[in-house]
Amino acid sequence: MRHVLTISLLGFWASMSTDHEVPVAWLKFEQELPPTFSNHYPVPEDLGLAGALTALKDNETTGKFLGQNWSLGEHTAFLGDDAIEIARAALAAAPFLIVDAPAETVLAIADLPEAADALIFNSGAADIILRGEACRANVLHTLPSLSMRTDALAQMFQKKRWSDLVMIAGGHPQDQAYASAMEASLAKFGLALKARKEWRFDADMRRNAAQEVPLFTQDFGEYDALIIADELHDFGRYVLYNTWEPRPVAGSEGLQAEAWGAVVEQWGAAQLQSRFEEAHTRDMRSADYAAWAALRAIGEAVTRTKAADVPTVRAHLLGDDFELAGFKGRPLTFRTWNGQLRQPIPLMHPRALVANAPLEGFLHQRTELDTLGSDEPETACTAFN
Amino acid sequence: MLRTSLLALTLATAPAYADEIWVSNEKDDTISVIDIETLEVVRTIEVGERPRGITFSKDYSVLYVCASDSDTVQVIDPDTGKILHELPSGEDPEQFVLHPDDRHLYIANEDDAITTVVDTESRTVVAQIDVGIEPEGMAVSPDGKIAITTSETTNMAHWIDTEKQELFANTLVDSRPRHAEFIKDGSELWVSAEIGGTISIFDVATQTERAKIDFEVEGVHPDRVQPVGFEMTAGDTHALVALGPSNHVAVVNAETYEVEDYILVGRRVWHMDFNADRSLAFTTNGVSGDVTVIDVTKREAIKSIKVGRFPWGAAFRPTN
């Protein structure tokens, strides 16, 4: 009797499945980061990869009921390695790539002849240009763009009526990019900076922040909130509670708008967080979430289309039937004009979720999610036409 | 002792107790007991951590509670509110269903991708079945032969042969399936999909999809219309469907599968149960921390009852 059942079970699964092999490659390109004042908070070595591994497990569990065989090849380019050679090896092994690399490397990979028939997921570069004039038809973005994050904060400022805004920007290109994105977001939501100062200190802020920051912020005068553009998390953490005026701090420190954070626990997120923490013994971060979302999106497309080829998967991801349950309170979809994953942006402080953008009242004819980031009428991307 | 004599006294003077609705408060570690006559909370019972699924034994002599963060199912004497004992449940039990044999609990272990079958008499685990990621919705067919687990991230209904305690089918549904029910004498299985925004209806004999119900609440973006718990009205003629953050309950005609009405209730409506004749429904509203009482015939909310923080499940208890 038991034998009979087993056979019929196998028969059932066989009828549902066509045994798809789904090879995916994880590509990480090590980046040289300048030193920061505090060396207490190192970037985890498995940042991003840990998210992909969690998604791999999710996909494998689903896949075992559907005859899908998932694999994740890990390719890392260390400083000094030939990144393009490593990308070629990854492309030879898998048609789906999840890439954590600087924008120029993402573009170099996407433009390789070998990548013409591949589908690349950018999980590490927030650059606006990758979703704009430098967009590529074979690159989708699961990490929110800088403008999605700064739009989320601008909505918060508008909602709170914090209209007198000042900013301190660091000198690194990442800080300057964030500051520009923020200024554009403020303009988009009818706000403007009252003053902006560049961070020019090179003394050790851990020791003298209490003396320097009050003076540095004194000539801002009256304002409602202080924005910090410090994407490498160098000086910003020493500004909080040291400002001349007692005002909220937002941006790279204080109230942060990110793809993900350890404090996101609503919408079933606690389950993803606990799965992740159990497997990797640390908190899940934005780059982990973006890599997770990329591999889960592929998983969802393969499951729904019962196919594992790039054209079918890409068409499904950009089509009307795709939706990803991303633990952010509503289904996630891709923007058809630039391949960006639409997603709510949690506004957080280190201990709790404050709000979830898009905030109530910011309306859009298609979906409120499109109040965050580059919208269809203004996009500079033409590769998706 | 005092309580017993008081009870006896009250029994002597008041011939009938009002029936009750028991509500698990996920973030208060309590159960609120609502008197159906007065529509007020008459008792609050302390239970284990993060209580979610709750259900009574067939004779209502004991209450089973999934104490998710205590990793156990608690068995409670509903008269005294005392915890009698705990059942092994596997890790993180979220939701469960009592088999028609009144003896076996089928439990979804949310963090472990497992369905655990527990014998409530011997207090032992009878079987553990591998299912998809984040199992949640649980149902057993009226004849007891099929159990269902829905998995929220795998997006499937897993069909379990309860004799073998093995899977015999896996059917895809839309994103984040939350709740499952057998209706019409077990000929149909309904599965809600929170993020998909649908209810899929399966023909049980063939495990094939027969229909799909969509919801549309005026003034609410489709993304926020998220079907979660649902229950059938008397005679299985209609389903009341909790639509999560849209703060509405849908009334679905179970014959035509058409949505006939939407009723505004509290915030993030989650699960529900009825009174004895199913003329009143009691919905748990997680975010507003209350229970909405719905007049099922008039299809309108008639009262909100404040309960604990994040009410999750509801279970009816007759007292006569």
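User: Which residue in strand 26 of chain B does B:Thr283 stand opposite?

Analyst: B:Thr283 stands opposite B:Thr292 in strand 26 of chain B. The model is predicted: local features need pLDDT of at least 70, side-chain atom pairs count only at pLDDT 80 or more, and totals for chains, interfaces and linings use all residues. Residues are numbered from 1 along each chain as its sequence is written, while chains are lettered from A and ligands numbered from 1 in the order in which they are written.

User: Why are strands 25 and 26 of chain B said to pair?

Analyst: Pairing requires at least two DSSP bridges between two strands. Strand 25 (residues 280-285) and strand 26 of chain B share six bridges in the antiparallel sense, so they pair under this definition. Strands here are DSSP runs (E, at least two residues; helices are H or I, at least four), numbered from the N terminus.

User: How many bridges join strand 26 of chain B to strand 27 of chain B?

Analyst: Six bridges join strand 26 to strand 27 (residues 300-306) of chain B, and the two run antiparallel. Within strand 27, B:Ile305 is the bridge partner of B:Val291.

User: Why is strand 26 of chain B called largely enclosed?

Analyst: Five of the six residues of strand 26 (residues 290-295) of chain B are buried (20 or more other C-beta atoms within 10 Å of their own, with C-beta atoms placed from the backbone). Strand 26 of chain B is therefore largely enclosed by the rest of the structure.

User: What puts the buried residues of helix 10 of chain A on the same side?

Analyst: The buried residues of helix 10 (residues 310-317) of chain A are A:Val313, A:His316 and A:Leu317. They cover an arc of only 100° around the axis (taken from the directions from the helix axis to the C-beta atoms), which puts them on the same side of helix 10 of chain A.

Notes:
A residue is buried if 20 or more other C-beta atoms lie within 10 Å of its own, exposed if 12 or fewer, and partly exposed in between; C-beta atoms are placed from the backbone.
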